[in-house]
Amino acid sequence: MIAYIVRRLLLLPIVLFGLLFIVFQMYNLLDPFQKLAVFVPDVSRLKNVDPHLLIKEYGLDKPWWYQFGRWLNNVIHGEFGWSKTANRDVLDAFKRFLPQTVELTLWAAIPIILGGIWLGQLSAVKQNSAIDQFARVFAVTGWSLPTFVAGILGLFIFYGLLHWFPPGRLSTNVGLYVFTSGKFHLYTGIITLDAILNWNWWVFADALRHLILPVVTLSYVSWALLLRVTRSSMLETLRQEYIMTARAKGLPERVVIKRHARRNALIPVATIAGLTIAGLMGGLVITETIFDLPGIGRWAANAARQFDMPALLAYLLFSGFLIVIANLTVDILYAVIDPRVRLE
Amino acid sequence: MWKKFGFVLAVIAVFGLMAWSQEKPIKNPDTIIYATIGPAETCDPAYAYDTASGEIIFNTYETLVFWPYGVADAKGVDLTNMSLDPAKLQPLLATEWTVSEDGLTYTFTIREGIRFHYVGVKKADGSIEWVDYDSLSPEEEKNIVPGYGELTAEDVEYSIERAMLQDRDGGPIWMLLEPLTGYSSMRDLVKAALGKKVDDLKTLTPEEQAMIYKKYIDPAVEAEGNKVIFHLAQTYPPFITILAGSWGSVLDKEWTIAQGDWDGKADDWAKWWNPGGGEVPEKSPLFKAVNGTGPFKLKRWDIGVEIDFDRFEKYWRGPAKIKHVVIKKLDEWSDRLLLLKNGEADIVYVPSQYLPQVEGLEGVVVHDPIDVPQVALRAMFFTAPVVLEGNEFIGEGPWDGYGIPADLFADVNVRKAFCMLFDYDAFIEQVLMGKGYKIHGPIPKAFDWAYKDDPSLDWNYDPQKAKELLMKARNGELWEKGFNLTILYNQGNAERQIAAEILKTNLEALNPKFRVKIQAVPWKTYLSYLLSGKMPLFIIGWLADYPDPNNFAVPFVASYGTFAAWQGEYMVENVFKPYFDDLVKQGMATTDKAKRAEVYYKIQELAHDLAIDIWLPQRYPYRVMRDWVRGWPINPIYPGPYFYPMYKAYD
């Protein structure tokens, strides 16, 4: 097992290097003036500054491996550079934005996984019944609805009309209390968690209130996959002979499902769930943008659009790392759940 | 299952009730919330050159003089007191000032008894601690160390000198250096002083630094008692308007030094020059630290997300009416719209194409148009010669294989024809929704004393006349051969796209051999083509740094101005240099307003006769706000809202 893990971890630098290589090559397609334009969002910045001088200064006319080498050297010394889209040091930007994404991911993971599994299981057990039909239609509409449509629609109805769930992380006065009064201690940056640690339920309630709409939106569009996979996996499991045996033994249906079927059906589901969560962690770009939640997804999207290289490269490192670890974790879980699986 | 469902319903009901119970007539009565786009870059007044940073500095720091404002709030628009006339500048940190006959010496008397947000207090162990001035009781105030957080003439001297020595790349300090030293940058100054070009001033020796400081910087601004005296290196009529900009903000010398900034030593300033190369604002010690005399204190800057201000209770003009200001960065239009609708934002930035969505909203007031002239200009520029080699958008055609001859726009008659083929009324209708007006450049209408209000200087859509000119061009060759012209615009910019389409329609209607292709390109391509002279036509705007005609004359018509280099060598050598350079210099050679006006009139006439650009009509400004907003100041030169007189009420 250990040898397996180590071998898989060796893949990490290869994957990361591959990603970075691709980005540097794409950046390399630009000529020095175009690269300079990346630094210059607004023409008036060029008053009294010679563009050629700037190109020399930033080494924009040097070959790609020079710039890659320079970046790598900085990273080894812990310097990830300055993100111009975040107007912060890259590591500082991660510290600020990552907790937001983690919070949303964790809260969304619960309904997505539990809801998806539960609905999928229900669909399978009551196959072709009204519930099954409803669940499948429900899932498909969610899947085919683009996130931004669902999100904006939700905002217009539940905030615009009903005033229930506002965008943003906190209400203005709660935000001012949390961040400027000095009476609230931010331990992790995950507001709901910090509210509990501060034993402040007023902040917790406000934070939760602002999370409901993004979480529901995310869940609605993500349920389909888990639902379908659970359903088909469950259906297959229910056809197995040992299930027939269990029923023949006289066990109540509830026990048959819970004790025997579900566990085995969950094996492929674990993979999907793990990857879904990892995908969510990588950034919920649209959700964060629409609901005004300052997370890394939104930051990464801006960085990509404006070719903010230091931010992009750091984000690539992060998400590459995340995906590799997530895959590894899921495979290990596989082996843990299913004794038939051997990791070679 | 129903139990779970019921639980969820209950939770929703609770939140619904919470929301409902929060319904008050005026939301957040002590706080003004401004939702806008555009992130602030820095809080350092010497570093900041974007309007978002300017907004922060404008409300936390103060300058010697201040532009008077009109009011455009939910009750109405009153422009009586608003002015861009330097004669009407109001004393702020200065109480009065005089200018010498030759315009080379400015003397300001500094107001007494003004304190900064943070003052230096002597602790028991003798050290000095910087504390919030508002938090001190009258007893504790006795421990304030004189000068530490107290406005003095030395503070003004230090602030200006520090700014000059910082001069970061791409920053605003050229505006202080030009009048006070005669050079546009510290690099240029050092080159003249040492006789050699130095790219990185941090390599200067202490002796070199001392020499430069003593010769150029120190004498430029001196503090004598309660007076500050500026010694200009050249006559510079707009100097006082420059001091009103955010770069003229006054810092507390002792506090700034305590933040780790320049300690005032003559031989040791290069360390603080050009922090971060002008690309990493964090390298300046005043990046996030703010200590001003202004009506608001910076409480928290969550970069790229939100800016929170608390009012300065002991502000020298009396505390502001509003306790808190929150500036939210909200890029998503629907979020801003919903916040405005629900009263959770008081002022929002509305792109003009979304105005129909806010007009008629309950509780929202829209002023559109507001009859205030803009301190900005936009034009379509001609390039001659166009760089044809390696130009992937030039296309094939009858001109040595290229779609156009490189010197197409070298012919003034071709330029004039293009000016006459632009349908200004259509642009006003389609792009400005009818809420615009024609202008001619390069002096904005806002400078009414220098703007020649003569309709003959405006171009009109005249296809007949244009046809005559184009038929004669190049001895008829142009009309015979035709051309394949590609006009680029940057993706997403509807305005530039429509402007291009208008030209295309009218050119192609004239002669079937005139073929125009419109193409969208990414911003980085647009900019890189602009910089390398590859675009025959391009659209650029210019926003005033300081409200004086010179700030527009230089970039638009001086051969050494920003735009000249992009318009090609022909234009530089045959149009800008011979016709305009002298005039631009003359405009700055005297402080006599009437004489200057004459010069700028001449510049406008020549700009018309030589058809240097196609001037795009301007849109009237507008404002959108909740109906309880009061006291919102207006002056086109302000970088953003000035919150001091603002409050929320129904009256």
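Author: With 10 C-beta neighbours inside 10 Å, A:Tyr187 counts as exposed. The rule uses C-beta atoms placed from the backbone: 20 or more others within 10 Å is buried, 12 or fewer is exposed, and in between is partly exposed. This is a predicted model, where local features need pLDDT of at least 70, side-chain atom pairs count only at pLDDT 80 or more, and totals for chains, interfaces and linings use all residues. Residues are numbered from 1 along each chain as its sequence is written, with chains lettered from A and ligands numbered from 1 in the order in which they are written.

Reader: Where does A:Tyr187 lie in chain A?

Author: Helices are DSSP runs of H or I, at least four residues, numbered from the N terminus. A:Tyr187 sits in the loop between helix H8 (172-180) and helix H9 (191-197).

Reader: Which residues is A:Tyr187 in contact with, leaving aside neighbours within four places in sequence?

Author: A contact means C-beta atoms, placed from the backbone, within 7 Å. Here the partners are A:Asp194 and A:Leu197.

Reader: Now chain B. Which domains does the assignment give?

Author: Domain bounds come from an automatic or database assignment. In chain B, domain 1 is 2-83 + 291-371 + 623-648, and domain 2 is 380-619. Their C-alpha centres lie 37 Å apart.

Reader: How many residues of domain 1 of chain B are in contact with domain 2 of chain B?

Author: 5 residues of domain 1 touch 6 residues of domain 2 in chain B.

Reader: And what share of chain B is buried?

Author: Of its 651 residues, 48% are buried.

Terms used
Two residues are in contact if their C-beta atoms, placed from the backbone, lie within 7 Å. Helices (H or I, at least four residues) and strands (E, at least two) are DSSP runs, numbered from the N terminus.
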